[in-house]
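Work through the two exercises below with the structure open. Each task is followed by a solution in steps.

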Amino acid sequence: MSQAHEYVKAHFDQFKSQLFDLLRIPSISTSVDHAGDVQRAAQWLADDLERIGLHPVEIIPTAGHPIVYGEWMGAGLDAKTILIYGHYDVQPALKSDGWINEPFEPEERDGHIYARGSSDDKGQIFTHMKAVESIRANGAKAPVNLKFLIEGEEEIGSTHLADFVAANRDKLQADVCVISDSGMPNSEQPSILYALRGLITMDVEVFGSATDLHSGTYGGSVHNPVQALAEIIAQLHKPDGSVAVPGFYDDVLPLSDEERTELQKTGMSESLWRQTTGAPKQWGEPGFAIHERTGARPTLEINGMAGGYFEPGFKTVLPAKAWAKISCRLVANQDPEVISRLVQNYIMNISPATIRTTVEISEGTRAAFVDIRTPEMQAAIQAFEKGWGKKPVFMREGGSIPVVSDFQSELNAPVILMGFGLNDDGAHGPNEHFMVEMFRKGINTAIYFYEAIGA
Ligand code: BES
Ligand code: MN
Ligand code: MN
């Protein structure tokens, strides 16, 4: 065992308790009330980066939450440079959502660390910090130059990161970017992602009467906006489950037979799907397997809809307004702007004259693809083989990480999606957890990766 790996072994309990400290900070980026906590998490990370020997370490303000940046360039100009990205912001969580422990009071149970952010993404970015600490212990040199870029706005769409990356190309220049912000299907078979989906989001509002009305006096003469919204939403998909928006699939590249065959080997089984979702029966675009629907096909989802009276009891009211939040996962070369317009125009077109509809679209994220035949990917494969004792498989993932396409276009560097989470970690849901063994293997694998890139 190398010195670095010895260090991991000797300090693992300490690493865990440090991670617990980070997890205690409720850095919920979407909540204005937690802006101070987000700032506090940035400071905590900056302090730890400094402690493990990065210099300089900066907390860079943005119009939103700050970016934490730190580097160690001690390997010299001839050595390779790795840019490590992660996010320290988390999704909201309340004990009442169904948590066993308080979401920001971490607890270890049955080999898992339970806390919001444990897997997404504090625990995963921390594996790299502890890998660097272990390599640099006792003043040892790392085989590569290291740059950390840890943002506080990933869960709200990385609002200010694209501009930062574009404006700081020289600062961020690297030979390879590594991102640990995803999961594997199980802890025994390591996997590397080569595709992520893109994302667009929109707010739909439907207005009927000027104010809420008595449903006895006016019911039957006014088009109820909640009903109208339901009618609109019902037209977004065809009865077979495909998206009804004209042109929605036009830019989707079909999967090759070869890729389909390859993906089939690791695809989710019907029984695992049933077990993890708890849903009664599969649904979706015909002609595609579960893993193709979630990894290689675009979708349109209603994330929420509301309107009218929802309190206990009953109110015979004609609500004046209804709203919905809609998002689409994108694939291949679908352009977020183009698809947003298509969906917006379609909704406007099918909206009847009896109501007024608005569709507000936000900036989207492109799907991302990673070339799996690069030397950097070879280094990643080698690292997983050493860390897990098993060759990794390549998979597609349905989630989105906005910065990936920015790294590819602005830095012109390959991206390695080296996730150390598990798909059933419960990210974004109640009782999110990070497997202690994944934390340990993640640190060891990150060390092997830096060594392989440096060699
Ligand atoms: N870590 C996830 C992305 C992810 C999820 C990657 C599952 C691989 C597997 C990330 O934190 C996330 O939740 N992203 C959002 C992006 C959005 C808010 C722009 C997503 O996918 O919904
Ligand atoms: Mn994440
Ligand atoms: Mn997330």
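**Exercise 1: a sheet and its helix**

In this predicted model, three strands form an open, antiparallel sheet in the order β4-β5-β20. Determine which strands stand at the edges, then describe the pairing of β5 with β20 and the helix that packs on the sheet.

Solution. 

Step 1. β4 (107-109) and β20 (433-435) each have a single partner strand, so they are the edges, and one side of each is left without a neighbour in the sheet.

Step 2. On average, neighbouring strands here are turned by 25 degrees against each other, direction ignored.

Step 3. β5, made of residues 112-114, pairs with β20 over three bridges in the antiparallel sense. In one of these strands, β20, Met435 is the bridge partner of His112.

Step 4. Helix α13 (residues 436-454) packs on the sheet and touches β4, β5 and β20. The direction of α13 makes about 60 degrees with that of β20.

**Exercise 2: Asn431**

Locate Asn431, decide whether Asn431 is buried or exposed, and list what Asn431 touches.

Solution. 

Step 1. The loop between β19 (421-422) and β20 holds Asn431.

Step 2. The relative accessible area of Asn431 is 16%. Buried means under 20%, so Asn431 is buried.

Step 3. Leaving aside residues up to four places away in sequence, Asn431 touches Gly98, Trp99, Ile100, Asn101, Arg109, Tyr114 and Asp425.

Definitions and conventions:
Residues are numbered from 1 along each chain as its sequence is written. Chains are lettered from A and ligands numbered from 1 in the order in which they are written. This is a predicted model: local features need pLDDT of at least 70, side-chain atom pairs count only at pLDDT 80 or more; totals for chains, interfaces and linings use all residues. Side-chain values use heavy atoms; hydrogens and water are left out. Two strands pair if DSSP finds at least two bridges between them. Helices (H or I, at least four residues) and strands (E, at least two) are DSSP runs, numbered from the N terminus. Axes are lines fitted to C-alpha atoms, for helices over the stretch in contact, and angles run from 0 to 180 degrees between N-to-C directions. Contact means heavy atoms within 4.5 Å. Buried means under 20% relative accessible area, exposed over 50%, partly exposed in between (1.4 Å probe, protein chains only).
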